[in-house]
Amino acid sequence: MSVTIKKIAELSGVSRGTVDRVLNNRGNVHPETAERVRKVAQQLGYLPNLAGKALAVRKKSPLFGVILPSEGNAFFDDVIAGIRNAEAELRDFGVRVEIRTMRGFDPTRQLKLIEEFEDRISMLLLVPINDVRIAEKIGSLKEKGIPTIALNTDIENSSRLCYVGSDYKKSGEIACGIMALLTGGRANFGIATGSFRMLGHSQRIAGFHSVMKARYPGLKMLDIIETNDDDIQAYEETCRMLRNHPDMDAIFIVAGGVYGVCRAVIRSGYEERMTIVSFDDIPTTVELVERGIIKATICQQPVAQGYLAVRKAFDYYISGAEPETDRFILGNEIKIRESLVDIDK
């Protein structure tokens, strides 16, 4: 016997209209009431009429809003490609995706971008700055019936629907292991992070330190700089760091600004002695790996991140069902010179 909205309403002690709003993610329902309705629906084995919902989605032509800190950061070119791939697949359902971009990690700027289209969007896909104001905005959007998916990096203490991206702590642990292998477990290193405001960047550093403390006492951190994923800032800050620490012989590049860091190393004349471990495989980074300046880079499947985030947004929009997990983790891939260069050429 099929489960009806009427039966769910009776057992939940609410009206059929309330059940309809909860199951169709239309907001304006107290969170505790909504949770009670969802639990009853789950216990009864309620299955939405997805075919009917697909037709309804097509009529509504939902708009998914995306905000990326992609200006000046080529990594996000592949994220955008994944987003557009998913949008193309969902075009027959009337799904549209609008992307807003920003430079750097200013929470005030990110809030402004959210506010510019929050009254028009059905879902928000956000690379969130780890700031209480952003977390509060995610909460207020949820109350308005606009769920948020954290894309590429997560955010603390928020009511986001789920996270799609890499395991940053694990990638930091891998980076420490690689540096230890390359240096024999002894190095005076510096860290070039993207932003102290980004949770993922902090998690990579934490992962690196946890392995270093447990296994590699010969690794000694001398300094840490912030690049804001900007090559010019990365160049200037790395030059300063190298002047202050002439005995530095390794650098852990946590996020963007890779080209700027490496240009500073070359300018300072430390190219031959420096062990550099980085992230991602944008064209300039691949070139530096091929030249042997970067010894290894760890990649995080940016195309898949963008694609999966849009698909998860659509799945939730069409069904109203909570995702099976709140973290969709994509694997890390280690690339070295030999995996990028054809030695037979």
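Helices α2 and α3 sit roughly perpendicular to each other. For the angle classes, under 35 degrees is roughly parallel, over 145 roughly antiparallel, 65 to 115 roughly perpendicular, and the rest oblique. Helices here are DSSP runs of H or I with at least four residues, strands are E runs of at least two, and both are numbered from the N terminus.

A word on the source. This is a predicted model, in which local features need pLDDT of at least 70 and side-chain atom pairs count only at pLDDT 80 or more, while totals for chains, interfaces and linings use all residues. Residues are numbered from 1 along each chain as its sequence is written, and side-chain values use heavy atoms, with hydrogens and water left out.

Back to that first pair. α2 covers residues 16-23, and α3 covers residues 31-44. They pack at about 85°, with axes 10 Å apart. Axes are lines fitted to C-alpha atoms, for helices over the stretch in contact, and angles run from 0 to 180 degrees between N-to-C directions. Which residues of α2 meet α3? Thr-18, Val-19, Val-22 and Leu-23 do. On the α3 side are Thr-33, Ala-34, Val-37, Arg-38 and Ala-41. Contact means heavy atoms within 4.5 Å. By class, there are six nonpolar residues, two polar and one charged. (Nonpolar is Ala, Val, Leu, Ile, Met, Phe, Trp, Tyr, Cys and Pro; charged is Asp, Glu, Lys and Arg; the others, Gly among them, are polar.)

α3 has another partner. Helix α1, residues 5-12, packs on α3 at about 125°, axes 9 Å apart. α1 and α3 are therefore oblique. α1 passes α3 in a right-handed crossing. (Left-handed means the near helix is turned anticlockwise from the far one by less than a right angle; right-handed means clockwise.) Lys-7, Ile-8, Leu-11 and Ser-12 of α1 touch Arg-36, Val-37, Val-40, Ala-41 and Leu-44 of α3. That contact divides into six nonpolar, one polar and two charged residues.

Now move along the chain. Helix α5 is residues 75-89, and helix α13 is residues 302-319. Their axes come within 6 Å and cross at roughly 40°. That makes the two oblique. This crossing, too, is right-handed. Among the α5 residues that meet α13 are Phe-75, Val-79, Gly-82 and Ile-83. On α13, the contact includes Pro-302, Val-303, Tyr-307 and Arg-311. Its residues split into eight nonpolar, three polar and four charged.

α13 also covers a sheet. The helix lies across β1, β3 (123-126), β4 (148-152), β5 and β11, at about 170° to β4. In what order do the six strands of this open sheet run? The order is β2-β1-β3-β4-β5-β11, with parallel pairing. (Two strands pair if DSSP finds at least two bridges between them.) β2 (96-101) and β11 (327-330) are the edges; each has a single partner, so one side of each lacks a neighbour in the sheet. Neighbouring strands are turned by 15° against each other on average, direction ignored. Look at one pair. β5, residues 162-166, joins β11 over four bridges. Tyr-163 faces Arg-327 there.

Next, aromatics. The whole structure holds six aromatic pairs. (Ring centres of Phe, Tyr and Trp, its six-membered ring, lie within 6.5 Å; planes under 30 degrees apart are stacked, over 60 edge-to-face, the rest tilted.) One of the pairs is Phe-64 with Tyr-317, edge-to-face, at 6.2 Å centre to centre and 70° between planes. Phe-64 is in strand β1 (residues 63-68) and Tyr-317 in α13, so the pair ties together parts 253 residues apart in sequence.

Last, the other sheet. It is open, has six strands, and runs β7-β6-β8-β9-β10-β12 with mixed pairing. β7 (219-226) and β12 (333-335) have a single partner each, so one side of each stays without a neighbour in the sheet. Neighbours here are turned by 20° on average, direction ignored. β9 (residues 275-279) and β10 (residues 296-299) run parallel over three bridges. In that stretch, Ser-278 stands opposite Thr-297. Helix α10, residues 231-244, lies across β6 (187-193), β7 and β8 (250-253), at about 140° to β7.
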